[in-house]
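Subject: Handover of a structure

Dear colleague,

Please find the structure below, together with its sequence. My notes on it follow.

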Amino acid sequence: YVDKYVEKSQVLGLADIFEVPHSAIQIGRMLGEGAFGEVHEATAVNLRRMRGTTIVAVKQLKPNPKADEVAEFLAEIEMLKGVGTHHNVVCFLGCCTIKPPYLMIMEYVGKGNLLSYLRTVRQEAGKLKNRNANYTTCRPISSRTNGTSSPKSQSVNYIELKASSQTIELVQVQDDSSASMNGPRQPPPSFAETTYTIVEDEDAFEYILDNKELHNFALQIANGMRFLEEQEITHRDLAARNVLIDSNKTLKISDFGLSRHGIYTNTRTRKLPLRWLSIEAIRDNVYSSKSDIWAYGVVLWEIGTLGASPYPTISNSELIPFLMAGNRLQRPEICTPQVYTIMLQCWLEDPEERPTFDALYRVLSPKTTYVD
Ligand code: ACK
């Protein structure tokens with residue numbers, strides 16, 4: 001298979017463009033692993049259109065892969081060669097496919113996946129809620145502007161809670177004991193509108209919750225998916241865990257392991273992301289951009305719930321009867337009815353009635369105002 005693949009690539013001239021010698025790659029720490037593969041941080045020298053050394057992510061198969069795993073991995077690389085680049089899709093940079101270990105070289109996206117991000121935000125927001133905070137507005141104050149001259153290594157993370165009495169409290173987010181609230185009791189404001197949570201990691205990357213940012217996440221994912229939709233690429237595993245986030249809060253769709261061109265009928269038994277799958281994907285094994293749209297609806301729900309697990313009370317075997325009876329995931333507390341309507345459209349039983357990513361992108365885009 002591999003010989004045939006290399007021969008074909010060379011005939012097409014593809015090997016020359018993306019092929020990188022193993023000597024150009026220095027593998028570093030492991031970033032994570034899946035069923036068949038593992039992803040490492042690495043450095044690469046003189047990649048295509050990139051002179052010098054670049055930090056990259058390298059995916060490779062686990063030791064002693066089976067022939068069909070190798071074939072699938074090489075097929076994934078082959079598919080990526082044709083995808084092109086988009087700022088909301090993890091960029092394929094090169095590969096080593098002449099001899100094992102086969103490597104897929106990708107853009108390094110340094111701040112983990114969206115699901116972890118959302119869960120961190122939820123955890124911090126929960127701490128604030130538990131404190132029974134009594135405030136009308138909140139504003140993050142990073143340790144750089146909190147008025148102390150303490151060096152970064154000793155800094156703590158603050159948010160400013162402005163109570164209705166106009167009392168301003170600085171609350172240290174990571175230490176519950178330091179918080180105290182003044183002013184008359186008021187119902188807590190809706191999270192999406194007024195609460196900000198800030199935690200900084202060691203690189204001063206901020207975990208913040210506000211409705212504009214959540215909306216922006218939804219828009220970025222729709223933008224990346226519309227790019228794939230345009231090329232008739234079906235992702236087949238769109239989920240918050242497969243969306244990566246970089247230090248500029250740019251989201252990048254990743255994990256193309258299951259992706260295929262066009263409408264695809266799954267013929268093999270393998271682990272499937274059941275709770276993100278549309279009715280026709282589960283029942284008939286049929287995948288298309290419209291089943292990706294269903295998964296996008298679940299991603300919106302993951303964003304709205306700050307990383308909850310879908311259908312926690314429903315077993316795998318109960319899911320299809322549950323969905324066929326017209327049931328769907330419920331509206332997350334912080335979602336507006338408008339956003340929930342979009343989710344419900346993504347989960348329409350007839351795939352043709354679901355929106356396209358292009359339509360969703362346009363609906364979610366901030367309105368453009370034209371001035372005469
Ligand atoms: O969710 P994570 O922290 O981010 O753990 C997974 C793990 O590898 C297995 O997929 C991480 N990962 C995957 N692709 C990349 C990438 N291009 N850049 C950085 N990390 C990546 C992912």
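Of the 14 residues around the ligand, L31, G32, V39, A57 and N113 come nearest; a residue is taken as near a molecule or strand if its C-beta atom, placed from the backbone, lies within 6 Å of it. The elements that give two or more residues to this shell are β1 (25-33) and β5 (103-107). By class, the shell around the ligand holds eight nonpolar residues, five polar and one charged. In this division Ala, Val, Leu, Ile, Met, Phe, Trp, Tyr, Cys and Pro count as nonpolar, Asp, Glu, Lys and Arg as charged, and the others, Gly among them, as polar.

Please note that this is a predicted model, in which local features need pLDDT of at least 70 and side-chain atom pairs count only at pLDDT 80 or more, while totals for chains, interfaces and linings use all residues. Residues are numbered from 1 along each chain as its sequence is written.

Overall architecture

The secondary structure of the protein comes to eleven helices and 16 strands. Helices (H or I, at least four residues) and strands (E, at least two) are DSSP runs, numbered from the N terminus. Of the 372 residues of the protein, 34% count as buried. The term buried applies if 20 or more other C-beta atoms lie within 10 Å of a residue's own, exposed if 12 or fewer, and partly exposed in between, with C-beta atoms placed from the backbone. Among contacts in the protein with a separation of 6 or more, 62% are between residues 24 or more positions apart; two residues are in contact if their C-beta atoms, placed from the backbone, lie within 7 Å.

The annotated position

K59 is listed by UniProt for "binding site", in an unreviewed entry. UniProt positions are given in the numbering used here, feature names are shortened, and annotations may be inferred rather than shown by experiment. K59 is placed in strand β3 (residues 50-61) and counts as buried, with 26 C-beta neighbours inside 10 Å. Neighbours within four places in sequence aside, K59 is in contact with G37, V39, M104 and M106.

T54 is also located in strand β3. With 17 other C-beta atoms within 10 Å, T54 is partly exposed. T54 and T43 are eleven residues apart in sequence, and their C-alpha atoms are 5.5 Å apart in space. The contacts of T54, leaving aside its neighbours within four places in sequence, are T43, A44 and L47.

Backbone geometry

Most residues other than glycine have a negative phi, and most peptide bonds are trans.

- P100 and P101 are joined by a cis peptide bond, with omega about -5°; P101 lies in the loop between β4 (92-96) and β5.
- N46, in strand β2 (residues 37-47), has a positive phi, near 50°. N46 is partly exposed, with 14 other C-beta atoms within 10 Å.
- N64, in the loop between β3 and α3, has a positive phi, near 55°. N64 is exposed, with 6 other C-beta atoms within 10 Å.

Helices

The 15 residues of helix α3 (residues 67-81) should span 21 Å at 1.5 Å a residue, and its end C-alpha atoms are 21 Å apart, which agrees. The expected span is 1.5 Å times one less than the number of residues in the helix. The buried residues of α3 are F73, L74, E76, I77 and L80. They cover an arc of only 150° around the axis, which puts them on the same side of α3; the arc is that of the directions from the helix axis to the C-beta atoms. On the other side of α3, A67 and D68 are exposed.

In helix α11 (residues 357-364), the buried residues are F357, L360 and Y361. Seen down the axis of α11, these fall within an arc of 100°, so they line one face of the helix. The buried residues of α11 pack against α6 (211-230), α8 (289-304) and α10 (337-346).

Helix α6 also contains G224, which is buried, with 25 other C-beta atoms within 10 Å. Residues up to four places away in sequence not counted, G224 touches H86, N88, V89 and I253. G224 and G84 are 140 residues apart in sequence and 12 Å apart in space, C-alpha to C-alpha.

With kind regards
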